[in-house]
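Me: I've got a model open and I'd like to learn how to read it, one feature at a time. Can you walk me through it?

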Amino acid sequence: MNIDSYLPVKIVSGKGAAEKAAGEISKLGKRCLIMTGGSSASKSGALVDAERILNENGILYSVFDKTEQNPLTSTCKEAGKHAYKFGADFLMGIGGGSPLDAVKAAAFFAANPNLEPDEIYSDRSLLAPPLPTVLIGTTAGTGSEVTGVSVLTDSTGKKKSISGADCYGRIAVCDYTYTLSLPYSVTVSTALDAFAHETESFLSLKANTISEMYALKGLELTYCGLDLLCKTKALPDEALREQLYYGSIFAGLAINITGTLFPHTLGYYLTEKRNIPHGRACTAFTPAVFDRYEKYAPEKLKTIENLLGRDKREILETVKILTNVKESISYEEAKQTAESRTGTVNNFVRTPAGFTPEDEINAMLSLR
Ligand code: NAP
Ligand code: FE
């Protein structure tokens with residue numbers, strides 16, 4: 001058995017989690033920069049809760065609400081500059097994966113005002129440590145609340161992540177009630193992201209006893225939600241929202257140990273070039289993941305089928321209907337994309353039997 005893992009973020013969960021975390025938050029300082037997207041922080045009710053807690057604890061704050069989806073390194077730099085000028089002691093991200101990932105990067109820019117946007121990818125051991133962050137999630141998908149990963153978009157439009165011990169939040173506020181305002185399409189795409197995390201993590205060559213526990217617990221919660229979303233085409237009730245949210249956190253805990261596999265690398269391409277939301281872009285490659293299970297980890301596939309009470313064909317059918325990605329990628333485009341990858345792609349190395357340029361071309365062509 002192997003239970004190697006590292007989780008320095010304090011997780012505070014459940015209805016009213018922000019209130020529960022207030023004491024810990026107030027220890028982080030007297031000035032806070034809040035980073036959000038355009039409207040989700042307000043719509044979810046999380047911003048009003050955060051503002052109340054900061055006011056009650058005598059913490060001055062300023063709001064930066066310009067975080068876009070698939071956040072740019074330049075936006076993180078702008079927020080970091082804002083935090084630096086404001087004299088922030090800590091930052092708070094409120095939103096889905098985009099604002100949460102962005103605030104993790106903004107915390108570096110706040111502590112290193114001369115750092116240029118894409119320099120965030122260079123050797124961070126030479127930098128001042130980032131300011132502490134509070135992460136308040138409003139989607140049930142990425143699990144960014146609990147991962148030491150921040151996925152950013154560089155100045156060339158490429159999605160690239162940073163990760164490490166310095167990329168964790170200090171406090172994660174995990175209150176599923178903030179996801180009640182999610183529209184159907186975002187609910188589906190984010191739940192599919194969690195499903196991708198669970199199935200990729202469980203198959204990963206880096207999986208260990210504890211990551212497998214997280215992945216299977218997450219899968220049980222997430223798939224039940226996906227099944228209902230597919231059958232009813234309706235918004236989940238509160239109990240299902242809670243289930244989907246915790247599913248995404250278990251999924252985040254799983255990938256925090258194992259990383260993700262090839263669907264995430266290929267999915268980034270679909271998001272960059274075809275504007276497909278992250279979750280659906282990843283599960284477009286779920287059939288290829290299940291083929292790997294069948295060939296290289298049939299006992300794990302059986303475990304999933306038993307857990308969900310569905311066979312491979314039924315699981316894939318649900319995922320396919322919700323994913324709904326049909327892209328006609330030409331052989332030339334697929335070949336060029338595969339050939340443009342240089343160096344080691346960790347997501348490919350962690351995949352059983354690896355992932356060759358030919359595998360990549362086949363996976364891309366299968367989307368037609
Ligand atoms: P998102 O990009 O944060 O948000 C998607 C949309 O949902 C936005 O329009 C957002 O509005 C809206 N929204 C969010 N919460 C809402 C709520 N409670 N009510 C109503 N609308 C709401 O989506 P995401 O899927 O959570 O994050 C995707 C990003 O996370 C990608 O960049 C992906 O690469 C990354 N990711 C990170 C990790 C990790 O470990 N760090 C893992 C997987 C994926 P606003 O624009 O107003 O906020
Ligand atoms: Fe993801």
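Me: Let's start with side chains: which residue's side chain does Asp49 make a polar contact with?
Reply: A polar contact is a pair of N or O atoms within 3.5 Å; within protein, one must be able to donate a hydrogen and the other to accept it, and residues adjacent in sequence count only if both atoms are side-chain atoms. Here the side chain of Asp49 has such a contact with the side chain of Tyr178, at 2.6 Å. Before going on, note that this is a predicted model: local features need pLDDT of at least 70, side-chain atom pairs count only at pLDDT 80 or more, and totals for chains, interfaces and linings use all residues. Side-chain values use heavy atoms, without hydrogens or water, residues are numbered from 1 along each chain as its sequence is written, and chains are lettered from A and ligands numbered from 1 in the order written.

Me: Is Asp49 buried or exposed?
Reply: Buried means under 20% relative accessible area, exposed over 50%, and partly exposed in between (1.4 Å probe, protein chains only). Asp49 is buried, at 18%. It sits in helix H3 (residues 46–56); helices (H or I, at least four residues) and strands (E, at least two) are DSSP runs, numbered from the N terminus.

Me: What joins the side chains of Ser62 and His82?
Reply: A polar contact of 2.9 Å. Ser62 belongs to strand S3 (residues 60–64) and is buried, with a relative accessible area of 15%.

Me: On to the ligand. Which residues come nearest to ligand 1?
Reply: A residue is near a molecule or strand if one of its heavy atoms lies within 4 Å of it. Of the 29 residues around ligand 1, Ser39, Ser40, Gly97, Ser98 and Thr139 come nearest. The shell divides into seven nonpolar, 19 polar and three charged residues; Ala, Val, Leu, Ile, Met, Phe, Trp, Tyr, Cys and Pro count as nonpolar, Asp, Glu, Lys and Arg as charged, and the others, Gly among them, as polar.

Me: What are the protein donors of the iron ion (ligand 2)?
Reply: Donors are N, O and S atoms within 2.8 Å of the metal (3.2 Å for Na, K and Ca); water is not among the atoms, so sites may look incomplete. For the iron ion they are Asp193 (OD), His197 (NE2), His264 (NE2) and His278 (NE2), lying 2.2 Å from it. His197 lies in helix H6 and His278 in helix H10 (residues 278–283), so the pair ties together parts 81 residues apart in sequence. His197 is buried, at 3% relative accessible area.
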